[in-house]
Amino acid sequence: MTQSVLYSIKIGGPNVTSYNVQNVINGIKSNVFYKDFEIHLSIEDNINKETSNFIKNINDQHIKCFFYNNLSWYQWLKKSFENSKNFEYLITSHDDTYFRTKYFDKIFINEISKVQNVGCFTFIDDGYKRRFFNPQLRGAYHIDRVYEDSRKNGVEYEYHLQKKNWHKKNVKIKKILNYLNLSPKKFYDLKKNDDKFFELLTSFFFDFKKIDFPKKTIRAHSLWTNIMGFKVNNIKIFNITDLDVSHGVYADEDICLSTQKNDLVNLLIPNIHYYHDREIDISRSWKDIKKDQE
């Protein structure tokens with residue numbers, strides 16, 4: 001007998017906090033429609049003591065904890081695939097991504113049921129509301145990127161209507177305001193307009209209203225690993241490569257290339273939202289990722 005959705009979350013690194021883990025769990029539990037779900041926490045031993053104690057005190061029938069000395073991205077994905085065999089859908093997630101849409105599971109299951117050959121799918125990251133360059137999809141070598149430097153100029157995907165290089169100015173302004181203590185360091189609630197000074201200064205070269213999202217589910221080339229969804233029956237159709245790195249460097253490209261080579265379709269579902277909690281314009285583990293990238 002299959003269950004609805006398995007949520008597999010990779011938790012690792014000294015910078016992950018109990019705040020992150022609690023928000024990941026709450027984002028799922030407070031927004032799901034179907035109750036026959038499980039949350040699997042894959043926990044590495046390099047987390048700090050405060051987070052470790054928080055996890056050890058979790059007592060929830062929906063949550064299972066798995067402890068590892070260390071766990072590469074490839075190993076975690078393979079374990080997630082294996083553990084999902086009794087579920088209809090698998091959602092893999094970072095430890096700092098929080099669902100924000102009510103009954104998101106009912107919405108994506110309805111959308112995915114329309115497409116038989118689904119490879120992987122994802123949703124809208126509300127990080128764009130912080131007014132930084134936060135493309136929803138990993139850049140492919142489309143004509144606009146090759147000939148117009150769309151990513152370098154900050155006009156890729158939903159930002160194609162913006163002025164070139166707006167994103168560099170936004171980051172510079174934010175860093176100055178942070179240094180002068182004139183701007184909140186952390187965005188705890190994206191629904192609140194708590195950084196009006198920053199928004200005023202950036203409005204001279206960035207038009208928030210011109211961010212251009214699709215109105216319905218669309219086919220996509222390559223997704224980010226922040227949140228990736230799978231139809232479990234289709235996982236056996238494709239294979240992924242062991243890139244021999246601890247972080248998810250290019251794991252998203254590997255998955256999305258493998259799915260498409262096997263005639264599966266990758267999707268972006270725009271009416272479901274989540275938030276990837278990050279520092280200004282980079283992820284928490286960016287320095288470690290750069291080391292792995294070598």
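Is lysine 114 buried or exposed? In this predicted model, lysine 114 has a relative accessibility of 57% and counts as exposed. Its side chain forms a salt bridge with that of glutamate 111, with an N to O distance of 3.2 Å. Glutamate 111, at 16% relative accessibility, counts as buried. The buried residues of helix H4 (residues 104-112) are Phe104, Asp105, Phe108, Ile109, Glu111 and Ile112. These residues lie on the same side of H4, because they cover an arc of only 160 degrees around the axis.

The structure contains 13 salt bridges. In one of them, lysine 64 is paired with glutamate 38 at 3.6 Å, N to O. Lysine 64 belongs to strand S3 and glutamate 38 to strand S2 (residues 38-44), so the pair ties together parts 26 residues apart in sequence. Lysine 64 is partly exposed at 40% relative accessible area, whereas glutamate 38 is buried at 13%. Arginine 138 and glutamate 253 form a further salt bridge (3.9 Å, N to O). Arginine 138 is in the loop between S6 and helix H5 (143-148) and glutamate 253 is in helix H9, so this pair ties together parts 115 residues apart in sequence. Salt bridges with shared partners also join Arg100, Asp126 and Lys129 into one network.

The largest nonpolar core comprises 38 residues, and Phe230 and Ile255 have the most contacts inside it. Elements that each supply at least two residues of this core include helix H3 (73-83), strand S4 (87-93) and helix H9 (251-261). Beyond its neighbours within four places in sequence, isoleucine 255 is in contact with Leu77, Cys120, Met228, Phe230, Phe238 and Ile240. A second, separate core has 35 residues, among them Val16, Val32, Phe123 and Tyr274.

Conventions
Residues are numbered from 1 along each chain as its sequence is written. This is a predicted model: local features need pLDDT of at least 70, side-chain atom pairs count only at pLDDT 80 or more; totals for chains, interfaces and linings use all residues. Side-chain values use heavy atoms; hydrogens and water are left out. A nonpolar core is a set of buried Ala, Val, Leu, Ile, Met, Phe, Trp, Tyr and Cys residues joined through side-chain atoms within 4.5 Å. Buried means under 20% relative accessible area, exposed over 50%, partly exposed in between (1.4 Å probe, protein chains only). Helices (H or I, at least four residues) and strands (E, at least two) are DSSP runs, numbered from the N terminus. Contact means heavy atoms within 4.5 Å. The arc is that of the directions from the helix axis to the C-beta atoms. A salt bridge is a side-chain nitrogen of Lys or Arg within 4 Å of a carboxyl oxygen of Asp or Glu.
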